Amino acid sequence: MTATSIFVNFPTTDLDRAKAFYEALGFSINPAFTDDNAACVVLSDTIYFMVLKREYLATFTDKQIIDPKTHAQMSIALSRDSRDEVDEVLAKGLAAGGSEPREAQDYGFMYSRDLDDPDGNNLSFLYMDPVAAEQGPEVYLAEQGAAPSAATA
């Protein structure tokens with residue numbers, strides 16, 4: 001069976017700015033699927049962001065295209081291999097015009113930070129301890145001698 005590819009479509013008001021932002025995070029742009037209306041941001045061999053001008057995205061749906069600066073449509077969480085890598089990608093995103101809408105979330109077994117792109121589309125970058133990812137946070141916290149928090153209940 002072929003691996004499923006994921007294409008996440010979201011709006012931008014400035015396509016060139018969006019491309020520069022995602023390239024600053026370390027992602028590449030696939031020119032074969034990029035034109036004056038859209039850019040294909042390559043996250044991996046199977047995961048892509050399609051950043052589309054608002055007007056062009058509107059041709060794919062009869063629903064209203066929300067303003068991501070004022071409304072949350074989705075939040076995409078992307079894992080990293082360490083807490084330091086989470087902090088590094090946030091630093092790159094902030095330097096490229098993004099913003100951090102809330103403080104870092106540290107649950108012991110998981111560390112995450114949110115990054116809004118210049119259009120307000122939300123990304124979360126997170127690191128989860130491999131033991132917690134495999135066995136679940138309650139087992140991890142029990143092994144650490146900590147009580148589960150409301151986040152794990």
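Reader: Helices (H or I, at least four residues) and strands (E, at least two) are DSSP runs, numbered from the N terminus. What pattern does the protein chain follow along the sequence?

Author: The pattern is β-α-β-β-β-α-β-α-β-β-β-α-α. That makes five helices and eight strands. Note that this is a predicted model: local features need pLDDT of at least 70, side-chain atom pairs count only at pLDDT 80 or more, and totals for chains, interfaces and linings use all residues. Residues are numbered from 1 along each chain as its sequence is written, and side-chain values use heavy atoms, with hydrogens and water left out.

Reader: Which strands form the open sheet, and in what order?

Author: Four strands, in the order β5-β8-β7-β6, with mixed pairing. The edge strands are β5 (75–79) and β6 (105–106), and each pairs on one side only. Two strands pair if DSSP finds at least two bridges between them.

Reader: In what sense do β5 and β8 pair?

Author: Parallel, over five bridges. Ser79 stands opposite Leu126 in β8.

Reader: Which helix lies across β6, β7 and β8?

Author: Helix α3, residues 83–95. The helix runs at about 10 degrees to β7 (110–116). Axes are lines fitted to C-alpha atoms, for helices over the stretch in contact, and angles run from 0 to 180 degrees between N-to-C directions.

Reader: Now Ser124. Which strand is it found in?

Author: Ser124 is in β8, residues 122–128.

Reader: Why does Ser124 count as buried?

Author: Because its relative accessibility is 10%. Buried means under 20% relative accessible area, exposed over 50%, partly exposed in between (1.4 Å probe, protein chains only).

Reader: What does the side chain of Ser124 join in a polar contact?

Author: The side chain of Asp114, at 2.6 Å. A polar contact is a pair of N or O atoms within 3.5 Å; within protein, one must be able to donate a hydrogen and the other to accept it, and residues adjacent in sequence count only if both atoms are side-chain atoms.

Reader: Leaving aside neighbours within four places in sequence, which residues is Ser124 in contact with?

Author: Ser75, Ile76, Ala77, Leu78, Arg113 and Asp114. Contact means heavy atoms within 4.5 Å.

Reader: Zooming out. What share of the protein chain do buried residues make up?

Author: Buried residues are 36% of the 153 residues.

Reader: And what does the C-alpha trace span along its principal axes?

Author: About 55 × 40 × 30 Å.
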